[in-house]
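Let us walk through this structure one step at a time. Keep the 3D view open as you read.

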Amino acid sequence: MPETPLSLDELRQQIDCLDSQLVDILAKRAKLTTQVGEYKSRTGMPIYVPSREAELIAKRREEAENKGVSASLIEDLLRRIMRESYQTQNSQYLCVAPQVKKIIVVGGRGALGRIFVDMFSRSGYSVDILEQHDWDNAQNILADSDLVLVAVPIKMTESIIEKLAPMLPKHCVLADVTSTKQKPLDAMLKYHSGPVVGLHPMFGPDIVSLVKQVVVVCEGRQAQSYQWLVEQIRVWGAIVQTSSAKQHDDAMAFIQVMRHFSSFVYGAHLAGEDPDLELLVAFSSPIYRLELAMVGRLFAQDPELYADIIFNNAESINLLKRFRDRFDCALELLETGNKGEFVKQFFTIGHWFGPYAKQCLVSSKKLLLKADDDRVLKSQ
């Protein structure tokens, strides 16, 4: 006799049971990844190992295809699970340089400074903080320091470097974490005769770990003396990119200044036109909600920080003027109805982007699926 079809309630009960098993499996996996984190902290292995992650995903994708399951679904699940597992490993780290006895973070109670104080502490270093109200005792605080990390607002960085450098031991590594590099690096090289390195953490204060975060390293002087610091950053899971200060600042004109300024103008235009924001969000598809969110998030943050980033890079003014000129040229195409020229330029620009454009199309589809599920980007 043919089997009686299961009722909807029975099917749902089986799904609920499988979902519960999935939760149990994830709990067991989390215990294992915690042990992995403990092992890595003892041996100094980086939290994030790209080759291991890529190998794991490739194997699971193949298994999924063999079983008739969407490989993309499995990859999305695994990436989310692995991102969570990295957090379970974010407790203790190997101290790469136990010979380093004293680290000072200038501005260590600030948003970015706190992150480095926390990471150095988790790695077993002795960390002290120097704030503005501590300057009367700065000589004692800085005495015998092995690393001084300057994490203060951009506009204060050079003057702080000039003020503290004479109090540093000659062997002390002097580093900064501002988003511009040439001027702070020049100041450190001028006022401190010992090891000098410029760092730019490409992340904000809201991160929970450094896994997959980018830190740009600009060489200053005596690289062998601060190599332990670079290696420690890698152990934390960050991706280290090396660059000259000029190369870095030139790139930041596009990555930071141009994007932040464009978002500022877009936000200013919206505020000036005063459309119904809730209606804009309600009518937008995920891609437009995401773009709007990237503009909106700018205005939820510290205006002084973004003013410093934009105004401190005077060389970017000409870049922004050229951007304005190209905007005007594109507007002229629209005003004159020159659709053919628009299409021609579209193809030319697409050729400049090359294969990266296709990669962006594929990657953005995955991002938009996440955005569509995210209540933050929804109107209701």
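Rings of Phe, Tyr and Trp (its six-membered ring) pair if their centres lie within 6.5 Å; planes under 30 degrees apart count as stacked, over 60 as edge-to-face and the rest as tilted. By this rule there are nine aromatic pairs. One of them joins Phe120 and Trp236 edge-to-face, with 5.2 Å from centre to centre and 70° between the planes. This pair links distant parts of the chain, 116 residues apart. Phe120 sits in helix H4 (residues 111–122), while Trp236 lies in the loop between helix H8 (223–235) and strand E7 (239–243). Helices (H or I, at least four residues) and strands (E, at least two) are DSSP runs, numbered from the N terminus.

This is a predicted model: local features need pLDDT of at least 70, side-chain atom pairs count only at pLDDT 80 or more, and totals for chains, interfaces and linings use all residues. Residues are numbered from 1 along each chain as its sequence is written, and side-chain values use heavy atoms, leaving out hydrogens and water.

Buried means under 20% relative accessible area, exposed over 50%, partly exposed in between (1.4 Å probe, protein chains only). Ring pairs also link Phe116, Phe120, Tyr125, Trp228 and Trp236 into a cluster.

Now take Phe264 and Phe299. Their pair is tilted, 6.5 Å centre to centre with 35° between the planes. Phe264 is in helix H9 (residues 245–273) and Phe299 in the loop between helix H11 (286–296) and helix H12 (303–311), so the pair ties together parts 35 residues apart in sequence. Phe264 is partly exposed at 44%, and Phe299 is partly exposed at 46%.
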